[in-house]
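Please consult the sequence and coordinates shown below while reading.

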Amino acid sequence: MASSLFFRASNLVSSATIRRRIPLLGAFCVLGLGFPSLCSILPSSSYLKTSCPQSPHFVHIERSKFSTQSADKTVQAVKMEGNSNIVPSIVVYVTVPNREAGRKLAGSIVKEKLAACVNIVPGLESVYLWEGKINSDPEEMLIIKTRQSLLEALTEHVKANHEYDVPEVIALPITGGSPQYLEWLKNSTRD
């Protein structure tokens, strides 16, 4: 239904207008039709699973603010402070030049228990200033989930095993999330 609505709308307005409106159409589908309805029109629901084999399966997202369903069916999240089963955790971004380099670095990071999981995201283009010149290169992104206490060791590992002179290592705090996932992250990394 949503796809036929999109195609009818595309006949009425220019393609440039559609490209600007797609995020609005997506938000409408998620809020109006519900996430499960949106998933049924996607070619594959594999987009909704994590690439970490031990991570919890995708959890059905409830529209609790818009729903009359009972609160016990909503997805539970936890804040980091006050929970003894989890440790302060971070997400670290590292770019790599290609898939082979990404797999090699990701494998060594997980093998050394410097991270619980590393996602490899293909298809990036990085535009950056290096040695006075603007460059543009295809890259892939590693999204690394680990303990905050392992950032220094992880940074040193990346620098020692990366082919760039100055590899990107940027850490962002995880302020909350699924208690089971965060506990798994703790148990899958070294102290």
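This is a predicted model: local features need pLDDT of at least 70, side-chain atom pairs count only at pLDDT 80 or more; totals for chains, interfaces and linings use all residues.

In which helix do Tyr 181 and Trp 184 both lie, and how many residues apart are they? Both belong to helix 6, which covers residues 179–187, and they are 3 residues apart, or about one turn of the helix.

- A search of the whole structure finds 1 aromatic pair.
- That pair is formed by Tyr 181 and Trp 184, with a tilted arrangement: the centres are 5.2 Å apart and the planes are at 50° to each other.
- Tyr 181 counts as buried because its relative accessibility is 17%, under the 20% cut-off.
- Trp 184, at 15% relative accessibility, likewise counts as buried.

**Surroundings of His 162**
- His 162 is located in the loop that runs between helix 5 (151–161) and strand 5 (170–174).
- With a relative accessibility of 10%, His 162 counts as buried.
- The His 162 side chain reaches the backbone nitrogen of Tyr 164 at 3.0 Å.
- Leaving aside residues up to four places away in sequence, His 162 touches Val 94, Thr 95, Val 96, Pro 97, Leu 105 and Pro 167.

**Position of Pro 88**
- Pro 88 occupies the loop between strand 1 (78–79) and strand 2 (89–96).
- Pro 88 counts as exposed because its relative accessible area is 54%, over the 50% cut-off.
- From C-alpha to C-alpha, Pro 88 and Thr 146 are 8.9 Å apart in space, while their separation in sequence is 58 residues.

Definitions and conventions
Residues are numbered from 1 along each chain as its sequence is written. Side-chain values use heavy atoms; hydrogens and water are left out. Helices (H or I, at least four residues) and strands (E, at least two) are DSSP runs, numbered from the N terminus. Buried means under 20% relative accessible area, exposed over 50%, partly exposed in between (1.4 Å probe, protein chains only). A polar contact is a pair of N or O atoms within 3.5 Å; within protein, one must be able to donate a hydrogen and the other to accept it, and residues adjacent in sequence count only if both atoms are side-chain atoms. Contact means heavy atoms within 4.5 Å. Rings of Phe, Tyr and Trp (its six-membered ring) pair if their centres lie within 6.5 Å; planes under 30 degrees apart count as stacked, over 60 as edge-to-face and the rest as tilted.
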